[in-house]
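This report describes the fold, the ligand shell and selected local features of one model. The sequence and structure are shown below.

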Amino acid sequence: MNRPVEKVVILGGGTAGWIAAAMIARELGRGVDITLIESKRLGTIGVGEATVPTIKTLNAGLGLDEKAFIKAVNATFKLGIRFEGWGAPDSDYIHTFGTLGQDQPFCPFHHYVFRARAEGRDVSLWDYSLNFQAATRNRFAPMKPHPDLPRFDYAYHFDAGAYAAHLEKDAVRRGVRHIDALVEDVTLNPESGFVEELVLDNGTTVPGDLFVDCSGFRALLIEKALDVGYVDWDHWLPCDRAIAVQSEKLRTLHPYTRSIARPCGWQWRIPLQTRTGNGLVYSSREIDDDDAERLLLENIEGAPTTEPNRLRFRVGVRERPWCRNVVAIGLAGGFLEPLESTSIHLIHTGVMRLLWCFPHQGVSPHEIDEYNRQVRDEWAWVRDFIIAHYHLNRRDDSELWRHCAAMDLPDSLRHRIALYRDTGKALKACEELFGIPSWVQMFEGQGLSPRQVHPVAAALPAEELDAMLARIRHHIAGPLAAMPEHEAFLGMLG
Ligand SMILES: Cc1cc2nc3c(=O)[nH]c(=O)nc-3n(C[C@H](O)[C@H](O)[C@H](O)COP(=O)(O)OP(=O)(O)OC[C@H]3O[C@@H](n4cnc5c(N)ncnc54)[C@H](O)[C@@H]3O)c2cc1C
C-alpha cells in the first residue's frame, strides 16, 4: 500500500489503546482522523498497577498534571521493588530506581563499594542509595537532582482502569472518535493483504489506513487476521498463569512493590491509597489453579474485596509486531511477566516508535523492518533482566527454581553474567530500559559477586576511598531526615 495515512483505527480500550490514542492524538491529532473501538462488554484485562519511572516522561509528554493524576488514579509512590526470597529463601533486597553513590569520572561507583568490601569493610551498595534508605523508612518526597547525591527517582502504583479513563478524557478532548462495539470481522484487501476495514456488531464498518492492534491477548488483527507468529520464551520464563485479587488498604503504605518468591512462582503486593493489589504468578506445572488461589488468599493482608481473577498467558513477543498496515501494541504484541512492571513502559516506547516511524506517505518496508528490529531488541533486553532473577536463585524447594538455576540462557544474558562475575562490569545497551545501577543491584541482591576489583577503584588511596564513602553517606543523611512519611506526603497533595 502506498497511500498516505489519513485514518488511524485503534482496536482496544485498555491501557494500551488509550495510551496509543492519547499519544497519537496529541502529536498528530490535527493531521489524521483517529477512531478507537472497544467492546465494554468484553472489558479489559484489569491488571497492571505498577510502573517504572518512565511513566513520568509519558505523563509529562501528555501534559498531565501530577497532582490531578495522582488523585484520579488513586496512586502511591514507588521507589523500587522489594525481592523477598529470590536469591536464597531468606534473602531480601530492593531493586531501587535511583542511582548508587556517585559515579567517579572514570569508574562507576559500585566498583568502589566492592573494593571496600574486598578489603573487609562492612559496606553495602544500598548504604549509598537514597531510594533504598527512604523506602525502608517508608519516606517519600520528590527531590531535584543534586551533584552531591545519588539520583532519587520514582514511579507510581495506580488503578490501571482509572488511568485508562483519565487518558480517555484527554484523547476524546483532542478529537479521538470513540466507538463501543464488538469487532466481528476484519476485511483484508485481496491483493495486498492489508486490513481495509473492521466490521462491527452494530452493522457498521470502520475503514482505516493504519490499524493499531491493542486488542489484548485476543490479538484480533495481528494474529487472527494476519496470522503473524509468536516467539515463545517459556523455556526461560516458565510461569504461565496468574491470579489477581484486591484487598483492603494496607496499614502501612510502603513506597515499593513487594515481590515474594514462592515454590510455584511469586506473589506481588501493591499498595494503593484505598486498596491493595495482590497476585500470584505461577507455573501450572508446579501447582493447580485451585491450590494457587488458596495460596494467594492465605497470604494477603486484610480481607479480599474482589473475586480472584484467573489469567493465563504466553511469555514471548510477536515475530513482527508491525505487519503490513497493522501495528500490535500492548498484550497483542507480546507479554513479559510483570516481575519488573515493564508492560506499560513497553506500550509507551512502542507508540513512541510508531510516531517516529509514522507512515504519512504510505508504509515503507524499511521503516517496518527498523521498527520491528528495535522492538525485538528492547523486549529481549527486558526479557534478559527478568530471566536473570530466576536463573540466579539459590532455592531448592521446587522443580521450577531448580530448572531455572540450571537452564541454558540466551547468549546475550550468559555474556552479561559472565562479564559481571569476572570483573564487576555491568552493561547497558544505549536504548535499554534498565541501566547499570539496576543490573548491579539485581546481581548483588541475587547473590552474584564479582571475582575482581576494578583497577581504577583499586588504585584509589585507602583514606580517599573512606572519605568518599563517608561523604556520600553524610550527604544522604540530611535530605533523608527531612523527608516526610510516604502517607503524610500523599496527604499533603490533597
Ligand atoms: C498478571 C498480570 C499482571 C500485570 N501487572 C502489570 C504491572 O504491574 N505493570 C504493568 O505495566 N503491566 C502489567 N501487566 C500488563 C498490563 O496489564 C497490560 O500491558 C496492560 O493492561 C495493557 O493491556 P492491553 O490494553 O494490551 O489489553 P486489555 O486490557 O486486555 O484490553 C484489550 C481491549 O481490546 C478490546 N477488544 C478485544 N477484542 C475486541 C473485539 N473483538 N471488539 C472490540 N474490542 C475488543 C477489549 O474490549 C479491551 O478494551 C500485567 C499483566 C498481567 C497478565
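In what order do the six strands of the open sheet lie, and what is the sense of their pairing? The order is S7-S2-S1-S11-S20-S19, and the pairing is mixed.

## Basis of the model

The model is predicted: local features need pLDDT of at least 70, side-chain atom pairs count only at pLDDT 80 or more, and totals for chains, interfaces and linings use all residues. Residue numbers start from 1 along each chain as its sequence is written.

## The open sheet

Helices (DSSP runs of H or I, at least four residues) and strands (DSSP runs of E, at least two) are numbered from the N terminus. Two strands are said to pair if DSSP finds at least two bridges between them. At the edges of the sheet are strand S7 (177-180) and strand S19 (322-323), each of which pairs on one side only.

Within the sheet, strand S11 (residues 210-213) and strand S20 (residues 326-328) are parallel partners, with three bridges between them. Phenylalanine 211 has valine 326 of S20 as its bridge partner.

A residue is buried if 20 or more other C-beta atoms lie within 10 Å of its own, exposed if 12 or fewer, and partly exposed in between, with C-beta atoms placed from the backbone. A nonpolar core is a set of buried Ala, Val, Leu, Ile, Met, Phe, Trp, Tyr and Cys residues joined through C-beta atoms within 7 Å. The largest such core has 135 residues, and those with the most contacts inside it are Ile10, Leu11, Ala20, Ala21 and Ile329. Two residues are in contact if their C-beta atoms, placed from the backbone, lie within 7 Å. Residues up to four places away in sequence aside, isoleucine 10 touches Gly17, Ala20, Ala21, Ile34, Leu36, Val212 and Cys214.

Valine 176 is placed in the loop between helix H6 (160-173) and S7. Why does valine 176 count as buried? Valine 176 counts as buried because it has 23 C-beta neighbours inside 10 Å. Apart from neighbours within four places in sequence, its contacts are Ala21, Ala25, Ile34, Leu36 and Ala171. The C-alpha atoms of valine 176 and threonine 35 are separated by 5.6 Å, although the two residues are 141 residues apart along the chain.

## The ligand shell

The shell around the ligand holds 39 residues, and the closest are Gly12, Gly14, Gly48, Gly216 and Gly330; a residue is near a molecule if its C-beta atom, placed from the backbone, lies within 6 Å of it. Helix H1 (15-28), strand S2 (33-38), strand S13 (241-248) and helix H9 (343-356) each give two or more residues to this shell. The largest share, three residues, comes from H1.

## Helix H11

Helix H11 (residues 399-406) has Leu400, Trp401 and Cys404 as its buried residues. Seen down the axis of H11, these residues fall within an arc of 90 degrees, so they line one face of the helix; the arc is that of the directions from the helix axis to the C-beta atoms. Strand S15 (265-271) and helix H10 (365-391) are among the elements that cover the buried residues of H11.

Alanine 219 is buried, with 22 other C-beta atoms within 10 Å.

Serine 341 lies in the loop between strand S21 (334-335) and H9, and its phi is also positive, near 55 degrees. Serine 341 counts as buried, with 22 C-beta neighbours inside 10 Å.
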